[in-house]
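Dear colleague,

Please find the structure below, together with its sequence. My notes on what was found in it follow.

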Amino acid sequence: MPYIQRELLEKIMPAVVRLRADPVFFAEKVSGFRLNQAQRRLLLLSGRIRVRLAGRRFGKTALSALDLLHYALTHPGTRSLVVGPSLDQARVYFDYFRDWAESCPLVEYMIAEDRRSPFHEISFRNGSLITSRSVARGGRFVRGRGYHRITVTEASFVPDEVYYAALRPAVLQNPRAIIDFEGTPWSKSSYLYELFTRGTADGEYYSATRATTYEAPHISKEEIERVRSEVPDYYFQCEFLAEFPDSEDAVFPQSLVLSAVQDYSPAGQPFPGHLYTMGVDLAKIRDCTAIIILDVSEKPWKIAEFHRFRLRAYAEISDLIKALKARYRAKVLIDATGVGEAVAEAVPGAVHAVITKERKEEMVARLRLALETGSLLLPASELTLLEELKHFRRVGERMEGQAGFHDDCVMALALAVWGAGKGGGWSAWRAGIPAP
Ligand SMILES: Nc1ncnc2c1ncn2[C@@H]1O[C@H](COP(=O)(O)OP(=O)(O)OP(=O)(O)O)[C@@H](O)[C@H]1O
Ligand SMILES: [Mg+2]
């Protein structure tokens, strides 16, 4: 820990006073960013229950982390908590704190202890503490401890019951406690929408602010326009303009998806005695290739391995599928519609799944049923998959997004789930890993 000499301390004192009093000055000094009006508005949001919604890459995580760090350093002896759908997402805050400790001597000096396990936790010389938890198991890891401040990241992935039963009570006893939420919107039937609406109307106890990605100082408007021309309108409105969608035409409602989420990461390896199915959805024009291996030994099924990539030669993809198939002894279902046929050909024993419009309806219905009956657990760590489920909707007659927009993970998962069903049109069950 660096030792600060008295003369040096006297020299830097005026700056320290300003750092305490001026959160924007603090944020800019610590991060090296220049904040524009929109980012300042987000940073300076006050109130006890604060909702910060902004488009992708706007800087909501960085700004909330700066706000939280400023709070911990200027409020000695306080306990703050960062929560997210998984510990991994909460860790992003600590990555920021550690980066800033490297670039800013004052932050480095103030950190007394930095722990990474069993969860990330930083204690400061002034007796403050910032710790992290996930909202898994209905918020069990959040309950029972009072906090002065709670920051909720990726707030739309936090289930309503966790807010009402765990987060809200955790700050009840302390009349000055604060809860911050940051994220992009999801559904209007959610606690986040309720808080956002209250915050917009109230502005004191409840406060809320919203910014679009266009307002971010570090992202070019041309780049955003390019993205806009590539993605469906509903997606852009939600993810870049940070607007709650008006219609509820999502195939997988938010509450359904979140009820199936658990804080686990795919194991990434087969276990003796377990049975596996593998769904493969191959990249068409715009999306990616997704491979999902599902452990279907017992319910609830869990994802064992997850791959998603763009732009790879078909030979390379079929080699990967063959290697995974051999490793897991999985039943493999490959979307053999169009270009997929050639890849399916190259994998001996794979089920060639030709996905007609009717078959797709059935597959998606079966995936939905698996979620509704609690037969399938989704890993909180795989936000790409959760985001695809979030945006998977009917557009007119078709069930995917416009022209198959990013539904590769959903379809790979639907194939793996289909493979777990008995009978059902596509070939018989194949072997799993034999028990020792
Ligand atoms: N004013 C700024 N100047 C330069 N870079 C910035 C500024 N604000 C944010 N950034 C950078 O922009 C990137 C996105 O920031 P951050 O992850 O906080 O955004 P986000 O809104 O949480 O994104 P996501 O939607 O992916 O969760 C980061 O690399 C961050 O360091
Ligand atoms: Mg973020």
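**What was found**

Thr-151 touches Ser-64, Leu-68, Leu-81, Val-82, Val-83, Tyr-93 and Asp-180, leaving aside residues up to four places away in sequence, where contact means heavy atoms within 4.5 Å. This is a predicted model, in which local features need pLDDT of at least 70, side-chain atom pairs count only at pLDDT 80 or more, and totals for chains, interfaces and linings use all residues. Residues are numbered from 1 along each chain as its sequence is written, chains are lettered from A and ligands numbered from 1 in the order in which they are written, and side-chain values use heavy atoms, with hydrogens and water left out.

Thr-151 is found in strand E6 (helices, H or I of at least four residues, and strands, E of at least two, are DSSP runs numbered from the N terminus). With a relative accessible area of 1%, Thr-151 is buried (buried means under 20% relative accessible area, exposed over 50%, and partly exposed in between, with a 1.4 Å probe and protein chains only).

Arg-143, by contrast, lies in the loop between helix H7 (136–139) and strand E6 (149–152), and is partly exposed at a relative accessible area of 39%.

Arg-91, in helix H5 (residues 87–103), is also partly exposed, at 30% relative accessibility; Arg-91 and Ile-321 are 230 residues apart in sequence and 32 Å apart in space, C-alpha to C-alpha.

Finally, helix H16 (residues 383–391) is largely enclosed by the rest of the structure, because 8 of its 9 residues are buried, among them Glu-387, Glu-388 and Lys-390.

With best regards
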